[in-house]
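I opened my notebook for a friendly look around this one. Here is what I looked up, in the order I got to it.

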Amino acid sequence: MTVVLAPVDGSIRALRAVPWATKLAGPDGTVVLLRVVPPQPAYAETLFSLVGAEGTVQEIQDAWTRTAKADMDEAAALLSGSDVTVEQMVAEGEPEEEIVAAAARRGVEMIAMASHGRGAVARAIFGSVADRVARTAPVPILILRTPDEDADHGVAVTRIVVPLDGSEIAERALPVASELARQLPAPVYVVRAVDAAATLPLASGVFGAGPVVGEEVTDQIWEEAETEARSTVTSAVSRLQAEGVDASGTILNGSPFFAISEATQPGDLLLLTSHGRGGVRRWLLGSVAEKLVREANAPVMLVPAVERVEESSSREVEE
C-alpha cells in the first residue's frame, strides 16, 4: 500500500496535484491531504487586548481550522470516485517545514504538489514552497508546473523518462522508476545526454570556442563519451528489464536540459534524482533538475539522494 501526501492551500492550482496523488497511491493506497495554517504568534493575546480587537485569538485559529477543513473537503471530493483511503491533516507553521515534517510523521512514500510556472505573478501559497520542499523532503516528490489556474484534473502517464548522467546518485531514481512502472503502469525510457561542449577541451577564439585538440583526438574523445553514455543506458535498461519492467533507452546529443526537454513528449513523467554529478550538497536542486521543474512540459518527480535522509537522521540524533 502506497501512502502519498498531497498538500492543499485553497487554490485551484494546488488541487491539480490531488488526482496525481491518487494515481501514485493506487487503488489500495492512501492519500493524505494536508492543509497548513498560519501559526498563532506568542504575543497575539497581548496585542489583541491592546488594540481592543473583536474576537479572540482562539476564535481566529478556529476559523483557520474551519477553512482548512473546507479546503480539504473540496480536495477529497475529487477522490470520491476512487478506491483510495483519504486522510486529512491540519498543521500550524511555515508550509515547507510542516509539509516535510508531516511526510516524516505520517511515514508517506511520496509527495505530490503543484508549483507556479515560469513568470507567474499571482502565486498561491505554493510555488517557491514546492522548490524548498523538494530540497529537504526525505521521499520522492512530484512537482506539477502550473502556470495558471487551469482546473484540468486529468492524469495520463504514457511513459516514464529517466535521465542519467553516469553517476551512482542519478541511478538512485531507477528503483523508483521500477515501482512506478508497475503502479501506473507505464514503460520506462532511460536517456543520457552527451554534450560536446562539456566533453571536448575548448579554447575561445575570434569566431567562438573551438577544440584545442586535433580532429582525430576530437573524434576519439567523442566516441569514448558516446560509448560510456551508451553503456550507462544499456546497463540501466537491462537492470529494469530483469525486474520485469518494460524498458528501453537512448543517448541524446546536446546539453542535458535542452536534450531532455526536446525528447519529452505529451504524457511523459520525468523522473530523476534531485542531485546529479554536481554533488549532494549542491544549492537548489541541481541545475538540470531545477530547470526541468520550471520549464519542462511534463510533470517532474525528484528522488532525494540517500545522503539527505542520512544527514537528516544525524541531525535529529544530535539535537
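In which sense do strand 6 and strand 7 pair, and over how many bridges? I looked this up in the model, which is a predicted one. Strand 6 (residues 159-164) and strand 7 run in the parallel sense, joined over five bridges. Within that pairing I found Val-162 opposite Val-190 of strand 7.

Next I checked the pairing of strand 7 with strand 10. Strand 10 (residues 247-253) also pairs with strand 7 in the parallel sense, here over seven bridges. For Val-188, I noted Ala-247 in strand 10 as the bridge partner.

Then I asked how covered strand 7 is. Seven of the seven residues in strand 7 (residues 188-194) are buried. Val-188, Val-190, Arg-192 and Val-194 point one way, while Tyr-189, Val-191 and Ala-193 point the other way. I recalled that side chains in a regular strand alternate between the two faces of the sheet. Arg-192 is on the buried list along with the rest of strand 7.

I moved on to helix 2 (residues 17-25), where eight of the nine residues are buried. Among them are Pro-19, Trp-20, Thr-22 and Leu-24. Just after helix 2, I spotted Gly-26 with a positive phi of about 85°.

Last, I wrote down the overall counts. The protein has twelve helices and twelve strands, and 46% of its 319 residues are buried. Of the contacts between residues at least 6 apart in sequence, 78% join residues at least 24 apart.

How values were computed: Residues numbered from 1 in each chain as written. Predicted model: local features only at pLDDT ≥ 70, side-chain atom pairs only at ≥ 80, totals over all residues. Heavy atoms only, no water. Helix = DSSP H or I, 4+ residues; strand = E, 2+ residues; numbered from the N terminus. Buried < 20%, exposed > 50% of the residue type's maximum accessible area, 1.4 Å probe, protein only. Contact = heavy atoms within 4.5 Å. Pairing = 2+ DSSP bridges.
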